[in-house]
Amino acid sequence: MNVAYAHSPAFVRLVEDAKSRIRHYAIDEFLQRLQSGERFILLDVREDAERARGRLPGAHHLAKGVLEREIEGLVPDPEVPMVLYCGDGFRSALAADSLQRMGYSNVASLDGGWLEWNERGLPTTQAAPGSV
């Protein structure tokens, strides 16, 4: 795993455990799937302050802190394909694992997240104030 932040060993173990149960895409694989016509709900699970710096085009926002409480209002169909991202792919892996336990069957996490997306110079947009 590419550790962009100084994550604690226990946190890294927790994420690795979650990743053993979920689907996760490298950015190249995600881009290939989009180019081939696959459709996903792209869900930004970062906190509001992180999201204020920008987002991936087309992403909806539901911070990890309220994800389980709010997901059914945003995505009522548990079979809809979703790809979750965060800053580096750690929190989104935990969030994907949690959604699977809630019955969402087609969830994946984007490895590398916002940081790698930006490092590659891929397109981003500014989040409109109050938007989802």
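Two strands count as paired if DSSP finds at least two bridges between them. Helices (H or I, at least four residues) and strands (E, at least two) are DSSP runs, numbered from the N terminus. By that rule S1 and S5 are joined, in parallel, by three bridges, with Arg23 opposite Ala108 in S5. The model is predicted: local features need pLDDT of at least 70 and side-chain atom pairs count only at pLDDT 80 or more, while totals for chains, interfaces and linings use all residues. Residues are numbered from 1 along each chain as its sequence is written, and side-chain values use heavy atoms, leaving out hydrogens and water.

The sheet is open and has five strands with parallel pairing, in the order S1-S5-S4-S2-S3. Strand S1 (23-25) and strand S3 (60-61) are at the edges with a single partner strand each, so one side of each has no neighbour in the sheet. Further in, S2 (residues 41-44) runs parallel to S4 (residues 82-85) and is joined to S4 by four bridges; here Leu43 faces Leu84. Leu84 also has a bridge partner in S5, Ser109. The link from S4 to S5 passes through H5, in a right-handed β-α-β crossover (with the strands pointing away from the viewer, the path from the first strand over the helix to the second runs clockwise).

Helix H5 (residues 90-101) lies across S1, S4 and S5 (107-110), at about 175° to S5. Such angles run from 0 to 180 degrees between the N-to-C directions of axes, which are lines fitted to C-alpha atoms, for helices over the stretch in contact. S5 is covered on both faces: Val107 and Ser109 on one side, and Ala108 and Leu110 on the other, are all buried (under 20% relative accessible area; exposed is over 50% and partly exposed in between, with a 1.4 Å probe and protein chains only).

In helix H1 (residues 9-19), Val12, Val15, Ala18 and Lys19 are buried. Their directions from the helix axis to the C-beta atoms fall within an arc of 120°, so they line one face of H1. These buried residues pack against S1 and H5 (contact means heavy atoms within 4.5 Å). The face turned away carries exposed Pro9 and Arg13.
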